[in-house]
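Subject: Structure handover

Hello,

Here is the structure we talked about. Please open it alongside this note and follow along.

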Amino acid sequence: MRPAASQSTRPRRSAPRRPDDSRLDDEPKDEEVFLRSRKRVPVRKGILPAFLTNTQVGRIVLAMAILVVIALFVLLGLAVKDFLDHDPHFRIDSSSSIQIDGNSQLTRADLLTVFGSDIGRNLFFVPLTERRKQLEQLPWVAHATVMRVMPDELRVAIVERTPIAFVRVGNQVKLVDADGVILDMSPVALAAKHYSFPVVTGINPQDPLSVRRPRMRIYQKFMNEIDSSGEKLSQQLSEIDISDPEDVQGLVSSNKSDILLHFGEDNFLNRWREYQSHLAEWKQQYPNLAAVDLRYDRQVVLKMADKTPSDAAQSASTNAVAPASQPKQPAAKTRPVTHPHRKRA
C-alpha cells in the first residue's frame with residue numbers, strides 16, 4: 001500500500017478550458033457597457049417662441065399676425081391687377097399691334113374684322129378663346145392660335161385649308177378641301193393659282209360635314225391609287241362622281257367624246273389598266289361608246305350613246321339582258337352591250 005505523502009505530491013492536471021469559458025470572461029465587460037450611461041439627445045426647439053405656441057394669448061397674437069400677412073398679400077394682388085387693367089401701357093392702340101402669321105389666301109383685312117372691338121381695349125380684357133373660335137369659323141381657316149404679347153400686342157397664327165379638288169355647286173365651280181369644306185375664291189385669284197384639279201360631283205353644301213368628309217376620303221383614296229404608278233393618270237379625268245361610295249365614276253375625254261367609267265369601290269388602278277388595254281378595240285367596234293362599267297370580275301358592260309330612233313328601238317330589246325345600270329351622264333339614252341374578257345393578273 002502506497003504512502004499518503006506520495007499521493008499529495010503528485011501534480012494535478014489542469015482541466016482543459018471549455019469554449020464557453022471565454023464568454024464568461026467577457027461577461028463583466030458587457031455588464032460594464034450595459035451599465036454605462038447613454039448620452040442624452042438634445043431636443044430641437046421650435047422657431048416660434050414658446051409664448052406664442054404654449055399660451056392662449058400667444059396663439060391669438062399669432063393668428064392675428066397671420067391674418068394681417070394674408071391681407072397684405074391680397075391687397076398687393078389687387079393693386080397689381082388694377083395696375084395691369086388700367087395702365088395705358090397695356091392698351092391695344094391700333095391694328096398695328098396685332099401680328100398675323102400664316103395667312104396666304106385670306107388678307108390681313110379679312111382677319112382683322114374679328115378683332116375690330118379690341119382696338120383701344122386693355123390687353124388682358126381680350127377674350128382669346130372666343131377670338132380663336134371666331135377665326136376658325138372662317139371657311140379658309142383650319143386652325144388658329146391667339147396669344148398675348150406683353151405689353152400691348154396680340155399674336156395670331158393661322159393654318160389655312162388646302163384645296164384638293166374643284167367642286168360643282170349649282171352653276172358655279174368652287175374649291176373643296178379634304179374635310180369637304182367648300183372654299184370661295186375670286187376668278188382672278190383662281191386663275192393666278194393655276195390649280196389643276198378634276199371637278200368633283202356629289203359634294204352638296206347642304207349636307208353636313210359628317211357626310212361630306214367621308215366622301216372626300218373616298219376621293220383621296222381613288223386619286224392616290226390612280227397616281228401611285230407615277231404616271232399622273234388622274235390628269236386624264238375631267239370629272240369624278242363620288243355621290244355613290246360603292247361606285248366611283250370618272251369622266252374621260254377620248255377623241256372629242258366623253259366616256260364615263262365605273263370603277264366600283266376598290267382596285268381602281270387595275271380597272272384603269274383594263275380600260276386602257278381594250279380602249280382601242282372597243283372604239284373600233286363601238287364608235288358611239290359612252291360608258292364602260294368595270295365593276296365586274298370577268299366582264300365589262302359597254303354602253304353606247306343612241307344617235308338615231310332605230311338605235312333607241314334596238315336598245316329596248318337589249319336592256320332586258322344587260323346587267324348594267326343606267327349611267328348618270330353623258331347621254332340620256334344608252335345601249336348596253338356585255339363584253340366578256342379575261343382579266344389580266
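In which loop does N267 lie? N267 sits in the loop between β10 and α9. Please keep in mind that this is a predicted model. N267 has a positive phi of about 55°, although it is not a glycine. N267 is partly exposed, with a relative accessible area of 35%. Most residues other than glycine have a negative phi, and most peptide bonds are trans.

H194 belongs to the loop between α7 (187–193) and β7. H194 counts as exposed, at 66% relative accessibility. Then there is the peptide bond between M150 and P151, which is cis, with omega about 5°. P151 is in the loop between β2 and β3.

Now the overall picture. The protein has ten helices and 13 strands. Of its 345 residues, 32% count as buried. The protein exposes about 22900 Å², and carbon and sulfur atoms supply 55% of that area. Take the contacts with a separation of 6 or more: residues 24 or more positions apart account for 52% of them.

Helix α8

Start with α8, residues 209–226. This helix has 18 residues. From first C-alpha to last it reaches 25 Å, close to the 26 Å expected at 1.5 Å a residue. Its buried residues are R212, M216, Y219, F222, M223 and I226. Seen down the axis of α8, they fall within an arc of 115°, so they line one face of the helix. An α-helix has 3.6 residues a turn, so residues three or four places apart point the same way. The face turned away from the buried side of α8 carries the exposed residues S210 and N224.

What covers the buried residues of α8? The cover includes the strands β4 (163–169), β5 (172–177), β6 (182–183), β7 (199–201) and β8 (237–241). Helix α9 (268–285) is also part of that cover.

The cores

The largest nonpolar core has 34 residues. Inside it, F222, W272 and Y275 have the most contacts. The elements giving two or more residues to this core are β4, α8, β8, β10 (257–262), α9, β11 (289–293) and β12 (299–305). The largest share, six residues, comes from α9. In soluble globular proteins, nonpolar side chains tend to be buried together.

F222 deserves a look of its own. Leaving aside neighbours within four places in sequence, F222 is in contact with L237, I240, V248, F263 and F268. There is also a second, separate core, of 25 residues. Among its members are I100, F115, L128 and L175.

Helix α9

Next, α9. Its 18 residues should span 26 Å at 1.5 Å a residue, and its end C-alpha atoms are 25 Å apart, which agrees. Even so, α9 has a kink of about 50°, centred on H278. H278 is buried.

R271 leads on to D297. The two are 26 residues apart in sequence and 9.7 Å apart in space, C-alpha to C-alpha. D297 is found in the loop between β11 and β12. Buried or exposed? D297 is exposed, with a relative accessible area of 60%.

In α6, residues 128–136, the buried residues are L128, R131 and L135. Down the axis of α6 they fall within an arc of 65°, so they line one face of the helix. They pack against α5 (108–112), β2 (141–149) and β3 (153–160). L128 is also a member of the second core.

Last, R168, in strand β4. R168 is partly exposed, with a relative accessible area of 40%. Beyond its neighbours within four places in sequence, R168 is in contact with V173, V199, V200, T201, I203 and E239. R168 and I182 are 14 residues apart in sequence and 9.9 Å apart in space, C-alpha to C-alpha.

Best wishes

Terms used
Residues are numbered from 1 along each chain as its sequence is written. This is a predicted model: local features need pLDDT of at least 70, side-chain atom pairs count only at pLDDT 80 or more; totals for chains, interfaces and linings use all residues. Side-chain values use heavy atoms; hydrogens and water are left out. Helices (H or I, at least four residues) and strands (E, at least two) are DSSP runs, numbered from the N terminus. The expected span of a helix is 1.5 Å times one less than its number of residues. Buried means under 20% relative accessible area, exposed over 50%, partly exposed in between (1.4 Å probe, protein chains only). The arc is that of the directions from the helix axis to the C-beta atoms. Contact means heavy atoms within 4.5 Å. A nonpolar core is a set of buried Ala, Val, Leu, Ile, Met, Phe, Trp, Tyr and Cys residues joined through side-chain atoms within 4.5 Å. Accessible areas come from the Shrake-Rupley method with a 1.4 Å probe; for residues, only the protein chains shown count as cover. The bend at a residue is the angle between axes fitted to the seven residues ending there and the seven starting there.
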